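This briefing accompanies the structure displayed below.

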Amino acid sequence: MAATLVAASSAAQRTMTPEDLWAMSRISQAQASPDGSRVAYQVGYYSVPQNNSQQKLLLINADGTGRQVLTTGQHSETDPQWLPDGRIAFLCNGQIWTMNADGSSRRQLSHTEKDIEGYAFSPDGTKVLLLHSLPFHDIIQKNPDDLPKATGRRITDLMYRHWDHYVETILHPFIYNVTPQGDIAPEGVDMLDGQPYECPVEPFGGMEQLCWSPDSKQIAYTARKKKGLDYAISTDTDIYLYDIASAHTRNLCKPQGYVEPKTDPTKTMKRQAINAAENLQYLPGYDQNPQFSPDGKYIAWTSMARAGYEADRNRLCLMNIATGEKRFMTEQFDSNVDAFCFARAKDICAYFIGVWHGTINMYQVDWNGNVQQLTDQWADWVSIAPMNDGRRLLCMRQSLSAPTDIYVVEPTTKKIKGKKTAPKATVTQLTHENDALLSQLSFGRMQQRWVKTTDGQQMLVWIMLPANYVEGKKYPTLLFCEGGPQSPVSQFWSYRWNFQIMAANGYVVVAPNRRGLPGFGQQWLEQISGDWTGQCMLDYLTAIDDAADNLPFVDRDRLAAVGASFGGFSVYYLAGHHKKRFKCFIAHDGAFNLESMYTDTEEVWFSNWEYDDAYWNRDLTPQASGTYANSPHRFVEQWDTPILCIHGEKDYRICYNQGMGAFNAARLRGIPAELLLFPDENHWVLKPQNGILWQRTFFGWLDKWLK
């Protein structure tokens, strides 16, 4: 069953190129002024010839008029934050500066010895919270002073590297005083003084993991107070409340006197996990991103129930600070709370964004836990924050056909014949950063299909038609295999896995929301854990077979499968099980040998949960035995199709030996293959010229075998 095709853009002149993607401005942060009349925001501009970027600050009125570029120099300026007097604070060269709202009267406020990597002023303006990196030698030992040129690293425990770097520093939050003149004192107080723990939490945590209380007397923060092996096998982060006057810290997620249970790292956390729904005094999974209610009576955060499960359902946990009572507020929403903010409205507790049926829309929850949807768009809302006027929200949105822009959203409720209708929202677009470029491009059109799976379920599949599509013509078609494995195939805009540039190169894209993705209920999501090669692989094949059989524009003789991360694993597995469906494959940063992957990766909790156990325990755990028995490397003898392998050497989540192993195996089998190896990239491709090379190699390979 197919929904009506939706045009992504009006008639245009040409198709998109990789250079167009890197010419696009990238909005990353936005904050409303205290009176809600203006918005300061951050935009990244990329240069392919110089192979770098500059971050600039801009200003716009809350009605979308008066756009002004505030950054005029050559240095990047980031992290805009409004001060109560109407000035804008920002980071430049590792220090905090301020300027007037028109960009004038720039002044440096801080002169700290260490660079500032994040900041937040207290509501009363008397203090500021700063992030500094500190040397860390608990796991990678410090080399002797008389060997200053030694490059070796003596490692004594796990978590010696994370994501894309060796862990030789950790972030700590410091509290600094602010003088009446607005200057920041040269010395501050380390909130985790002497503790060998990071805050925010690696690898993606930022200032959203800390917040000031409205009275400026307390700070809530996120931390995983573990290190080494204990850190590697658990996702157990907690919310802590730090009292500034007493320097006392208490854990809001664990009861007083709580003693951490001993765990056996050779057995999975999955079999030792505790369901927090049974005991709200003990929250053992990811607890992150705290926020205080405007009146300071409550604190809320996103919470996962089970330690070791990084993709568990993210719920909104609300705590009464005075009584300690906790409640999960979003039980009616069988998906993740991706971001939230407290409401200023009397009857509404919070607004949040979350994925459902392949889109990330906006919702509200009242104090009784009743959830109602505010927006219903084929789009992804990616941030949400209050505008300080009690009515409006400042948000960012993207889609498969448009990069991120800033919007103002005003929730409204209308009455009809004395009854309230479902809440709706008025949406106003503020920024149009890429409209001039987008208007030059011919975009593909998107279609929504619901397909019956082999076990009788209904699966959502996004279909992207080629740009300049001609009725009656057949096109080469790509099966897009999503990563995660539990990340949604929603309305995301990517600067690498971009469906519109695939459409620009004349390809149909088939993107199934296969088993294991959020937005279709927890049962649908959890079916993949411990079963990477079962129903989810059947879902992939169902999607591409349905397209080949029922969509007249799909050429069944010119099919390819492409994907990254778990999508790359999927490609490696399908290469041995596709039964001649595909003419070529592309796998980026995919796991090829799961036994090797188990001990190569840094975050062991992931493999413990997803594989169900360590490979040396597979004979004790039937599900784990099936996982390792179905590792893609065990089916190389069935490979018969050209394959391109791509990997970053700084990818410590899925190490580059996985891509090398797959490429080497293909060539040893006599199969046409190429390997694109990036020595300076991680799990992503972030440098402009590498990004261009990635796109050219990607489409060069597809064109070679499908055109």
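**Structural briefing**

In this predicted model, contacts between residues 24 or more positions apart make up 59% of the protein chain's contacts with a separation of 6 or more. The secondary structure consists of twelve helices and 42 strands.

**Overall form and surface**

- The C-alpha trace spans about 70 × 60 × 60 Å along its principal axes.
- Of the 707 residues in the protein chain, 57% are buried.
- The protein chain carries 67 positive and 78 negative side chains, with 5 Å between the centres of the two sets.

**Nonpolar cores**

- In soluble globular proteins, nonpolar side chains tend to be buried together.
- The largest nonpolar core holds 116 residues, and Trp639 and Leu702 are the ones that touch the most other members.
- Helix H6 (residues 535–550) contributes the largest share of this core, with eight residues.
- Another core lies apart from the largest one and has 17 residues, including Leu131, Met207, Tyr240 and Ile244.
- Beyond its neighbours within four places in sequence, Leu702 contacts Leu478, Tyr507, Ala560, Val562, Cys584, Ile586 and Lys707.

**Trp701**

- Trp701 belongs to helix H12 (residues 688–706).
- Its relative accessible area is 3%, so Trp701 is buried, the cut-off being under 20%.
- When residues up to four places away in sequence are set aside, Trp701 touches Cys584, Phe585, Ile586, Pro642, Ile643, Leu644, Pro672, Ala673 and Glu674.
- Met362 is 339 residues from Trp701 along the chain, and 39 Å separates the C-alpha atoms of the two residues.

**Ser25**

- Ser25 sits in the loop between helix H1 (18–23) and strand S1 (26–32).
- Ser25 counts as buried because its relative accessibility is 8%, and buried means under 20%.
- Not counting residues up to four places away in sequence, the residues touched by Ser25 are Val43, Gly44, Tyr45, Glu433, Asn434 and Tyr495.

Definitions and conventions
Residues numbered from 1 in each chain as written. Predicted model: local features only at pLDDT ≥ 70, side-chain atom pairs only at ≥ 80, totals over all residues. Heavy atoms only, no water. Helix = DSSP H or I, 4+ residues; strand = E, 2+ residues; numbered from the N terminus. Buried < 20%, exposed > 50% of the residue type's maximum accessible area, 1.4 Å probe, protein only. Contact = heavy atoms within 4.5 Å. Lys, Arg positive; Asp, Glu negative; His and termini not counted. Charge placed at Lys NZ, Arg CZ, Asp CG, Glu CD. Core = buried A, V, L, I, M, F, W, Y, C linked by side-chain atoms within 4.5 Å.
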